[in-house]
Amino acid sequence: SLTHKHQNTYQKKIKQNAKILVLVYRKLYLHIFLQLLVNQATVLHSFVRRMAFVTGLISGVIVGIGLIVVFVKSENARSKSRSALAVTIASLARMTVEDSKKLLAPEYYPSWLDWLNAHLCKIWPYVDQAASEVIKASMEPVLEQYRSIVLSSLTFSKFTLGTVAPQFTGISIIEDEGDGITMELEMNWDGNQSIILDIQTRLGVGLPVQVKNIEFTGVFRLIFKPLVTELPCFGAVSFSLRHNKNLDFKLKVVGGDLSSIPGVADALESTIRDAVEDSITWPVRKIIPILPGDYSDLELKPVGTLEVKLVQAQGLKNKDIIGKSDPYAELYIRPLRNKMQTSKNNDLNPIWNEHFEFVVEDVSTQHLTVKIFDDEGLQAAELLGCAHVKLSQLEPGKVKDVWIKLVKDLDLQRDNKDRGKVHLELLYCPYGMENTFTNPFTSDFSMTSLEKALKSGETEDGDLVNKKKTVIIRGVLSVTVISAEDLPSTDLLGKTDPFVVLTMKKTGMKNSTRVVNENLNPVWDQTFDFVVEDGLHDMLIVEVYDHDTFGKEYIGRCIFTLTRVILEGEYSDCFTLEGAKSGKINLSLKWMPQPIFRDSEQ
């Protein structure tokens, strides 16, 4: 019975152990299954990440290629549009009068204009024979006048106007208050002229140069004046080139290459252009008498003078790879007249303070042109910028102080690029008004009657003096440095120790104010006197510095000519500091003529 009992107990334990073993195997299988799921999930996650990276990379490449394709297509479309525009412009440039008649309404080409062009074509061969020698003889002295220094001589060996006559494309009548008729004719000439120039260079090389492919578009002015009662009802005809819209030509050495001699092509082209601009361009005119009489009143006569002081330029662009540009200025009313060239090495803010005087022939149409170049030594100078001032904008007898923005081309209506600016003082003096206003640019200004008498060697009673007196001091400039406002901080603690240095540019005389410690709005109220020998060409330079233990730090400056103080005698004003982030300075200037004389034996 015990054995049977033990057997039952043993069997129960076996069943219990079997159940436990089944549960253990189930848990083990579940753990293994879960582990497999985790491993598969990890692999799947890694695969998904790799696929996302690959997908993103492929998508980025596709998008980038798409953007590139779109950009290239856009650029190609713009290029095609520009090319089509260039072709259209070129086609318009080659368009003849007959072509324009097909495009424009008949009223733009009246029948009498066709009649004029038709008859001009008929008589052109005779015009060529009659005018070629006359033009050749009259143009050679003009070319010689404007001949470049590179050339030693310049003459015509052949000159004919060709067989193709110019075409008139428009005509207008200008109302004239006097006894005359002014007619302006717009002309287009794309001819086959035969012009050969014999040139000699400074190197002793002689070259026959052909001027070919001449294309010209411009407006000629004809003045029939005076009107008379005899046929053809006018006494003389004056003609001039009112506006040169386009002048293009090519230079070619007969049997050679002009580019083989450096500088000759540019020199010859500039000579031709300057001769045309300044020999027949308005207000220059040629007078052809029709009836006997005195027509000297029709000749070009000066009507006044333009006094110009070229003060300075600011913000010029650097064109040199190494160092800075070497700017100089050219000023003219008519080309190659009173040209000034003054280099300021490595200075993009040059100070010239040069004075010029120009003759004015027609204040209503003429203008002053200023061109700033970078001096390249033996190479051609590079244009930094240009500007012009219409003389009609100047008030006679009043000095105009102007800053003019420089542009790339005077014919452009808009130039948004910053090329710097130029500072000018202008005074237009019409003839006959000299006694009605004070001209500060004349040498006799601020001289007393005693000075003038001593300068001429005579006393007021007419007796000659034994000794000549020379004026060596024109006056005393008194400058009061009052205060400054809103100066920039230069120290780490946001403070500045400012002081002012005053310098007369021509004589180099200097004076300095005291140092005001830790103040952005200092007050000095100090006065300094400078003896000025030449008020016309001297300048006052006011510079503000920050005083440091081991030196000084530049803050900004102001530059003044003496024109205003000489005219007004005394003035006070607040001036913005140039080259500073902020800041203004208050100054008072006073001019006191105090002639001092020095004796010298005759």
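**Sheets, helices and a pocket**

Colleague: Which residue is the bridge partner of glutamate 307 in β10?

Modeller: Glutamate 357 in β10 is the bridge partner of glutamate 307. Strands here are DSSP runs of E, at least two residues; helices are runs of H or I, at least four residues, and both are numbered from the N terminus. Two strands pair if DSSP finds at least two bridges between them.

Colleague: Before we go on, what kind of model is this?

Modeller: It is a predicted model, where local features need pLDDT of at least 70 and side-chain atom pairs count only at pLDDT 80 or more, while totals for chains, interfaces and linings use all residues. Residues are numbered from 1 along each chain as its sequence is written, and side-chain values use heavy atoms, with hydrogens and water left out.

Colleague: Back to β8. How many bridges does β8 make with β10?

Modeller: Eight, and the pairing is antiparallel. Strand β10 covers residues 351-360. β8 also pairs with β14 (residues 421-430), again antiparallel, over 10 bridges. There, valine 308 sits opposite leucine 426.

Colleague: Why call β8 largely enclosed?

Modeller: Because 11 of the 11 residues of β8, residues 304-314, are buried. Buried means under 20% relative accessible area, exposed means over 50%, and partly exposed is in between, with a 1.4 Å probe and protein chains only.

Colleague: And alanine 329, buried or exposed?

Modeller: Alanine 329 is buried, at 0% relative accessibility. Its place is in strand β9, residues 327-332. Isoleucine 372 is 43 residues away in sequence, yet the two C-alpha atoms are 4.5 Å apart.

Colleague: New topic. Where does UniProt put the transmembrane region feature?

Modeller: The unreviewed UniProt entry places it at residues 20-38 and 50-72. UniProt positions are in the numbering used here, feature names are shortened, and annotations may be inferred rather than shown by experiment.

Colleague: What does the model show over residues 20-38?

Modeller: That stretch is 100% helix and 0% strand, with its end C-alpha atoms 26 Å apart. Residues 50-72 are also 100% helix and 0% strand.

Colleague: What about the second largest pocket? How much space is in there?

Modeller: About 1700 Å³. Of its 44 lining residues, those closest to the centre are Ile135, Leu161, Trp189, Phe220 and Phe239. A pocket is an open set of points on a 1 Å grid over the protein atoms alone, where a 1.4 Å probe fits, with protein on both sides within 12 Å along at least five of seven lines; lining residues have an atom within 4 Å of a point. Points are joined across faces, edges and corners, and the volume is the space filled by probe spheres set on them.

Colleague: Which element gives the most to that lining?

Modeller: α3 does, with 14 residues. Other elements supplying at least two residues each include β1 (151-160), β5 (206-224) and α4 (264-279).

Colleague: How does the lining split by class?

Modeller: The lining has 38 nonpolar, five polar and one charged residues. Nonpolar covers Ala, Val, Leu, Ile, Met, Phe, Trp, Tyr, Cys and Pro; charged covers Asp, Glu, Lys and Arg; the others, Gly among them, are polar.

Colleague: Now the peptide bonds. Which residue does a cis bond join to proline 232?

Modeller: Leucine 231, with omega about 10°. Proline 232 is in the loop between β5 and β6. Tryptophan 282 and proline 283 are also joined by a cis peptide bond, with omega about 15°. Proline 283 is in the loop between α4 and β7.

Colleague: Why flag those?

Modeller: Most peptide bonds are trans, and most residues other than glycine have a negative phi. On phi, asparagine 213 has a positive value, near 55°. Asparagine 213 is in strand β5 and is partly exposed, at 41% relative accessibility.

Colleague: Last one. What is the strand order in the sheet with β19?

Modeller: The order is β19-β16-β23-β22, an open sheet of four strands with antiparallel pairing. Its edge strands, β19 (523-532) and β22 (570-576), each pair on one side only. β22 and β23 (residues 584-592) are joined by seven bridges. Threonine 576 has lysine 584 as its bridge partner in β23.
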